[in-house]
Amino acid sequence: MSLSSALSIAQSALLATSRQTSVVTRNVADADNPNYSRRIALVTSTTPGARSVDVQRAANDLLFRQNLGALSAYAGQNALYSGMDQLDVSVNGVDNASSPSTAIANLQQALQLYATSPSNQNLGSSVIDAARQVVRSLNEGSKAIQDFRTQTDGQIDTAVKDLNSLLNQFQDANTAVMSGTRSGTDVSDALDQRDALLKKIANYIPVSTFTRGDNDMVITTGDGTTLFETIPRTVSFAPSSGYAAGSTGNTVYIDNVPVSAGSGGNTTASGTIAGMLQLRDGIASTMQSQLDETARGLITAFAETAPSMPNAAGLFTWSGAPAVPAAGTLVDGLAGTIKINAAMDPSTGGNPTLLRDGGANGAAYVANTGGASYSNLLVAYGDQLDKPMTFDSSAGISATSSVADYAANSIGWLQGVRQQASTAADAKEALAQRSADALSNATGVNVDQEMSLMLDLEHTYQASARMMKTVDDMMTALLNAVG
């Protein structure tokens, strides 16, 4: 081997080692970046003794797809669970302190006390106060639910705008990947950026991908709707300014295909958009229906009765008074409009003794003509609160129950679904974390390995440097001999 060939080999080795060292340094610098894939410097021989370095990006398509799916599933489940937590506190208060069920229980106690001493007007006023608290819990609970639906609708609108922005960014990243692939330049950074955007997109909507020529990627949703192909497809949504009981919100469309809301405590929703749609039109609407049915049951339980006369709204009244709502039929928004009968409310000049004696709807409904110890009507109202009646099955809980049990069952329904959501959220979070860890182990940076490789490269560099020093010494000796 000539000295010039030896020098060329040494120079080639130094250059290759320098490139490898640069790759390792970059890996260590981005070790904490979850969206960075490890770079691998592969050394190949070209002409005898010469070397070139080809930088490749670590990838595992199967694990990446599994991670995208797990991210979507957890995002949808977490949106449902966190929303239910907020709803629970807004409607029922901490430890159900302001729930209709608690208020009805207090009303029952006040009614029982009044029945034991019907002549005590203070006890009569206490019953009206307890009834007023029941009304407040229903009115405020109804308002809280509709405010929550309006807030969730705004969050859906924000999510749709964010998703459209991410798709536009994805187009830029995909274009960079395609251009680099065609020109033969390193596209590792562009691929990292594109994958990072995919993870963000998967948090909003479940995605599936496939790659065409020149590394061109196509994105579809979980049900096959095209989300991106060359250009982003339009994700559209028309937000509502406010919500009322019984109303249904607008849906989200991807390329004119509607996005389906999730269902169940262990929700079928993948992505936050489907989870929020379920919250807005599923969970919250069902809670509203249960409040409305509770209000209808109260109006029915305290209705005044008289021979040859239709039942008329008594202690609790509504916009359709004096009629009583039809049995077993949901009246949308009733919880938001139920109120105390002014004829019995002392704050509006009413007389609480009408609850004991009857007659809020006229003389035909008077049950007691003057006995101060008369308690039959009060006892009857107490019995009505515990007497089974028919409820609309569309509200999601038992169709036959007492008013008191129905209000308690409403809390039980929410807590049951919430518990399912909590358990599923923990499981899906663990799956998302495990899939992320598996992907990181396959494509991420292990600093210990990189530092070990750096030591090997240092030894290689030292060997190449010694070789160059040896060649230099030999050439110097040769020149001196010739001189």
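Axes here are lines fitted to C-alpha atoms, for helices over the stretch in contact, and angles run from 0 to 180 degrees between N-to-C directions. Helices (H or I, at least four residues) and strands (E, at least two) are DSSP runs, numbered from the N terminus. Keep in mind that this is a predicted model, where local features need pLDDT of at least 70, side-chain atom pairs count only at pLDDT 80 or more, and totals for chains, interfaces and linings use all residues. Residues are numbered from 1 along each chain as its sequence is written, and side-chain values use heavy atoms, with hydrogens and water left out.

Let's start with α2 (residues 61–92). Helix α2 packs on α10 (residues 403–443) at about 150°, with the axes 8 Å apart. That makes the two roughly antiparallel (angles over 145 degrees). Their crossing is left-handed, meaning that the near helix is turned anticlockwise from the far one by less than a right angle, while clockwise is right-handed. The residues of this contact split into 21 nonpolar, 7 polar and 5 charged. For these classes, Ala, Val, Leu, Ile, Met, Phe, Trp, Tyr, Cys and Pro count as nonpolar, Asp, Glu, Lys and Arg as charged, and the others, Gly among them, as polar.

Helix α2 also packs on α6 (residues 272–301), at about 30° and again with axes 8 Å apart. α2 and α6 are therefore roughly parallel (under 35 degrees), and their crossing is right-handed. Among the residues in contact (heavy atoms within 4.5 Å) are G76, G83 and M84 of α2 and G275, M276 and L291 of α6. This contact has 12 nonpolar, 5 polar and no charged residues.

On a 1 Å grid over the protein atoms alone, a cavity is a set of points where a 1.4 Å probe fits but cannot get out, and a pocket is an open set with protein on both sides within 12 Å along at least five of seven lines; lining residues have an atom within 4 Å of a point. Grid points are joined across faces, edges and corners, and a volume is the space filled by probe spheres set on the points.

| Space | Volume | Lining by class |
|---|---|---|
| Largest cavity | about 110 Å³ | 8 nonpolar, 5 polar, no charged |
| Largest pocket | about 700 Å³ | 14 nonpolar, 12 polar, 10 charged |
| Second largest pocket | about 280 Å³ | 10 nonpolar, 5 polar, 2 charged |

Of the 36 residues lining the largest pocket, S37, R57, F64, D195 and L439 lie nearest its centre.

Methods
Parallel < 35°, antiparallel > 145°, perpendicular 65-115°, else oblique.
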